[in-house]
Each structure stands twice: as C-alpha cells, then as structure tokens.
Amino acid sequence: MSDSSAPRTPGRRRRATARPAAKAGAGARGAKARSAPGSDPGSAPESGPDSASAVGAGQGARREALRLILGVVEQRRMLSELIERAPADLPPEERARAGALAAATLRRMGQADALIRRFARRRPPPQALAALRLAAVELHALGAPAHAAVDGAVAALRAMRGAERFAGLVNAVARRMAAEGGPIWASLDAARTNTPGWLWGRLSSAYGAGAARRMAEAHLRAAPLDLTPRDGARAEALARALDARLLPCGTLRLARRAQISALPGFAEGEWWVQDAAAALPARILAPQAGERVLDMCAAPGGKTMQMAAAGAKVTALDASAARLERLAQNLARTGLSARVVAADALEWTPDAPFDAILLDAPCSATGTIRRHPDLPRLLPEGPDLPALTAMQDALLDRAWGWLRPGGRLVFATCSLLPEEGERRAAAFRARTPDAAPLEWSPRALGGPDFWRDAAGDLRVRPDWSPEAGPDADPRADPDRAPGEHGGMDGFFAAGFVKRA
Ligand SMILES: C[S@@+](CC[C@H](N)C(=O)[O-])C[C@H]1O[C@@H](n2cnc3c(N)ncnc32)[C@H](O)[C@@H]1O
C-alpha cells in the first residue's frame with residue numbers, strides 16, 4: 001500500500017458499482033489537506049521534521065496525544081484515522097503537536113517500555129502506561145524540560161475520566177525516569193528495542209543483520225514530505241516556490257513538514273503528496289498518452305494521477321468506496337480525470353482488455369513504517385502473510401487475464417518482506433509461461449543500478465535515499481547521520497509483458 005494505507009483484511013468481497021469519471025477541474029479548489037494521498041495529517045515525529053512541532057507541546061496537545069496513543073495501542077485503530085477525529089475545539093497547532101507527540105511515542109515505544117520496566121514495580125494500567133510512555137519520550141527523545149514532561153503527563157492523565165487515581169503512580173515513576181533515566185535510555189539499543197521481534201527476525205533473514213539494523217534505524221526517523229509534480233516541466237519552478245529540493249527521480253522533497261493545503265500550488269492542483277519510492281512503479285509501467293490503463297488497487301490515487309497526467313485513459317478500481325472518495329477529490333483538485341470503479345477486483349471484469357495494468361496490491365505496508373509508526377503497534381504479532389500473499393497471487397492472475405497480447409503489467413507492494421515482493425514475482429514467472437520481462441532502467445528513473453535486483457525487479461529500502469541519484473552507493477557510507485538524507489519508503493515492483 002503506498003501512500004497512506006495500513007494493512008487491510010484480504011478477501012472481503014464487495015458489490016461492483018461503476019461511477020462516472022471525475023471531471024477535469026470540477027470542485028478542484030479548496031479541497032482539504034487530508035485528501036492528498038500520503039498526507040499524514042498532524043503527524044510529523046521526533047528526529048526529523050516533526051520534532052519541532054512536538055517540543056513545547058501544550059496541555060491540550062498532551063491530552064490529545066494520550067487519546068491517540070491509547071487508541072492505537074489498546075483499540076488497534078490507525079493513528080491517521082484517530083487524528084482526523086480530534087475534538088473540534090482543539091486548535092490546529094495543538095492538533096498537529098498531539099499527532100507529532102503520539103507518533104514520536106509510538107516510534108520509541110520499545111525504549112519507553114524498557115525504561116518504565118526499570119522504575120515501575122509492575123506493569124501500569126493502560127492509561128498510566130500511555131502517560132509514562134509519553135513522558136519517557138518527551139524527556140529522552142524530544143528533549144523536553146523535566147518539569148514540563150513530568151507535570152504535563154500527570155496533568156494530562158488527571159484530565160482523563162477514571163484515570164485520576166493513577167496520577168500518584170505516574171508522578172513517582174516519571175520523576176525517577178527524569179532523574180535517573182538518561183543513561184539507561186542512552187544505553188538501550190534503539191533500533192532493536194523499538195522494532196517488534198517478528199519484523200527484526202524477518203528483515204535480518206531477508207537482508208542480513210547489518211541491513212536490518214539500518215532499516216530499523218531509518219524507521220526511527222520521520223519521513224520528509226515528498227510531492228509529485230503534475231507536470232514535470234514545472235518541477236524546477238515548483239521547487240523554487242516550495243523551497244523544496246528537486247530529487248533526481250523527479251520528486252519534490254520539502255525540508256520540513258507543513259500544512260499541506262497552505263503550500264504553493266496545492267489549490268491549483270500542481271502536485272500531490274507521494275513518497276519518492278511510491279512514484280516509481282507507475283514510471284516503470286510508463287503509460288503512454290491514449291493507452292487504456294487499469295490502476296487495479298487505486299485509492300487514494302497517487303498512481304492514478306501519475307498515469308492520468310501522462311495522458312493515459314485510466315480506470316481506477318478499488319474495493320473501498322471511502323478511499324475512492326479521496327481519490328475523486330484528488331482528481332478534482334489536480335484537474336485530472338479517470339473512470340472510477342468501486343468493486344472487488346476478484347469479482348469485477350472489464351468490458352475490454354487493457355494496454356497496461358498497475359497492480360499496487362494490498363500488503364503488510366512494512367515499507368511505510370517511517371510514515372506510519374503506529375503500524376508495528378497495530379501488528380504486534382505481525383501480518384497475516386498467508387492471507388496477504390494468497391490475495392496478491394489471485395490479483396496478479398486476474399490482472400494477467402485482462403491484458404491484451406503485448407500488454408504490460410507492473411506488480412508493486414510497499415512491503416519490505418520478500419514474501420510479498422520477490423517471491424510473489426518469482427512464483428508468477430514460474431506459473432505464467434507467456435510473461436516476459438518488462439525492460440526498465442533505474443538510471444532512467446534517476447536512481448542507481450542497485451535499485452534493480454538480480455531478477456530484474458525494483459527493490460528500494462527506507463535506509464536508501466533517492467537524493468544521491470544514479471551514482472549513489474549506500475555501502476560507501478551506510479552509517480550516515482540522521483537528517484543527512486531523507487530515505488524513502490520500502491517498495492518492490494516487477495514488470496511483465498504479455499507475449500503476443
Ligand atoms: C496499496 S493501497 C493502494 C494505493 C494506491 N495505489 C495509491 O498509490 O494511492 C491498496 C488498495 O487496495 C485496495 N484493495 C484491497 N483489496 C482489494 C480488492 N480485492 N479489490 C480491489 N481493491 C482492493 C484497498 O482498498 C487499498 O486502497
């Protein structure tokens with residue numbers, strides 16, 4: 001799932017409904033920031049663009065941060081959804097700080113828990129634990145003054161109905177964490193402690209211990225804000241207007257988080273939020289003007305917009321009507337058009353074959369942890385890989401049947417797990433004799449040769465950065481300090497051509 005998604009339960013069936021194409025320009029102006037795919041409203045965490053907004057949080061922000069942390073950890077609800085349901089009377093800056101505080105706390109929850117275990121005799125009840133996690137992260141990751149972090153956590157807890165009785169416990173443990181916790185915090189292995197065991201194990205066995213550690217370190221840093229320009233010819237002018245860096249792969253990268261809807265070019269639909277890695281699969285497919293193209297799991301529409309901007313006649317199919325609402329808003333804002341279909345791809349059938357299909361399949365989303373620090377907390381035991389991979393195989397086979405001879409298919413996942421990438425592509429090759437490799441070149445995308453693996457597929461990782469361009473060598477300087485480069489989502493893509 002590229003820009004915004006969390007893992008979804010595979011196999012849920014929905015009835016097909018076709019909706020009219022979004023009209024160019026219709027309702028484009030004034031769309032809300034959260035309609036941009038990949039936007040992570042209000043969340044912009046610690047050693048990265050969100051630290052500034054988290055430090056100096058007011059009490060409203062702390063109270064809301066507690067609600068967000070509890071919502072993720074106890075109710076297993078997505079942070080982005082919880083943030084959208086903030087109390088109406090919470091000012092926007094407090095809302096943003098709450099999102100940043102909660103994201104930072106979820107990102108460093110392993111370290112916070114290790115520290116709490118040193119000073120609490122037994123596991124605190126959920127509300128007290130959330131307040132202590134928040135205090136630990138404010139104290140030791142965000143550099144808040146001790147009195148602000150400790151008194152703030154206690155006051156936020158007191159404001160929570162039914163939790164006042166834990167104030168004494170939180171006060172006592174937080175004070176000790178402030179006074180004695182610094183050296184303990186610093187001695188903890190941050191990458192290891194903050195990564196769930198299942199993920200650490202899978203990354204280590206797939207990539208080796210060193211690479212797994214670098215990826216886990218990358219997950220501790222918030223992602224930069226990346227934008228895809230609607231018109232590549234305007235990219236340099238937009239970079240100047242946005243004070244952004246134009247990366248060799250064509251993405252505009254902002255140095256710091258911002259209110260998306262207030263940025264130059266938003267109202268005019270000149271760009272959309274999309275991680276640099278998420279923009280690569282559509283560029284490998286390289287849709288041409290006038291081609292009939294299917295975006296098979298399309299919402300919220302980052303790749304639909306890329307392909308529509310290239311002049312293709314895009315059908316955007318997705319099983320989620322709610323997510324398609326966002327896709328329609330995005331099309332309207334950018335003045336692009338596509339035929340939008342709300343349907344389960346395992347039930348729907350097209351009326352004619354396609355020239356090209358992009359299948360951005362539902363997956364564990366483990367490539368997006370930098371932007372979704374709630375994800376490991378929502379999946380403490382790991383994703384349901386048998387269900388996900390069965391779904392990915394079924395979608396791949398279905399897509400193949402909808403291609404004309406000579407047509408192209410790109411299969412992509414924002415997963416770091418080979419089960420959802422390399423192994424799906426290999427299995428598809430083995431069972432599909434009429435699938436030939438689609439030619440593509442990392443250099444043509446503005447990236448280094450090592451983005452292409454031995455099988456000819458795209459693999460990019462959060463510890464790699466698109467900033468260095470085609471001549472990058474991550475092995476030359478693997479331990480670069482945080483902030484020197486912004487990383488990218490973990491992504492996999494494999495391209496196939498249907499032999500005529
Ligand atoms: C990775 S996200 C897509 C992101 C999108 N391509 C983009 O770039 O903005 C995966 C999408 O697959 C959709 N999906 C999951 N199962 C599906 C199915 N059986 N048929 C159609 N869409 C499905 C989900 O609703 C979700 O929007």
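A residue counts as buried here if 20 or more other C-beta atoms lie within 10 Å of its own. Keep that cut-off in mind, everyone, for Cys297: this residue has 26 C-beta neighbours inside 10 Å, so Cys297 counts as buried. And a friendly reminder before we go on: what you see above is a predicted model.

Let me stay with Cys297 for a moment. Cys297 sits in the loop that links strand S6, residues 292-295, to helix H14, residues 302-309. Which residues does Cys297 touch, leaving aside neighbours within four places in sequence? The contacts are Asp318, Ala345, Leu359, Asp360, Ala361 and Pro362. Now look at the UniProt record, an unreviewed entry: its "binding site" annotation lists Cys297, and also includes Gly301, Asp318 and Asp360. Gly301 is found in the loop between S6 and H14 as well. With 34 other C-beta atoms within 10 Å, Gly301 is buried.

The unreviewed UniProt entry also carries an "active site" annotation, and that covers Cys414. Where is Cys414? You will find Cys414 in the loop between strand S10, 403-413, and helix H18, 422-431. Cys414 has 30 other C-beta atoms within 10 Å, so this residue is buried.

Let's step back to the whole chain. There are 18 helices and 13 strands, and 54% of the 500 residues count as buried. Looking at contacts with a separation of 6 or more, 78% of them come from residues 24 or more positions apart. The chain is divided into domain 1, made of 17-29 + 224-498, and domain 2, which is 39-193. The centres of the two domains, taken over C-alpha atoms, are separated by 33 Å.

In soluble globular proteins, nonpolar side chains tend to be buried together. In this model, the largest nonpolar core has 88 residues, and those with the most contacts inside it are Met296, Ile357, Leu359, Leu409, Phe411, Phe491 and Ala493. Which helix gives the most to this core? That is H17, residues 385-401, with six residues. Take Ile357 as an example: beyond its neighbours within four places in sequence, Ile357 is in contact with Leu294, Met296, Ala399, Trp402, Leu403 and Leu409. There is also a second, separate core of 53 residues, and among its members are Ile69, Ala103, Val150 and Ala223.

Two last stops. Val341 lies in strand S8, residues 339-342, and counts as buried with 21 C-beta neighbours inside 10 Å. Val341 and Ala319 are 22 residues apart in sequence, with 8.4 Å between their C-alpha atoms. Finally, helix H6, residues 126-140, has 15 residues and reaches 21 Å from its first C-alpha to its last, close to the 21 Å expected at 1.5 Å a residue. H6 is mostly covered, with 14 of its 15 residues buried.

Definitions and conventions:
Residues numbered from 1 in each chain as written. Predicted model: local features only at pLDDT ≥ 70, side-chain atom pairs only at ≥ 80, totals over all residues. UniProt positions renumbered as here; feature names shortened; annotations may be inferred. Helix = DSSP H or I, 4+ residues; strand = E, 2+ residues; numbered from the N terminus. Buried ≥ 20, exposed ≤ 12 C-beta atoms within 10 Å, placed from the backbone. Domains from an automatic or database assignment. Expected span 1.5 Å × (residues − 1). Core = buried A, V, L, I, M, F, W, Y, C linked by C-beta atoms within 7 Å. Contact = placed C-beta atoms within 7 Å.
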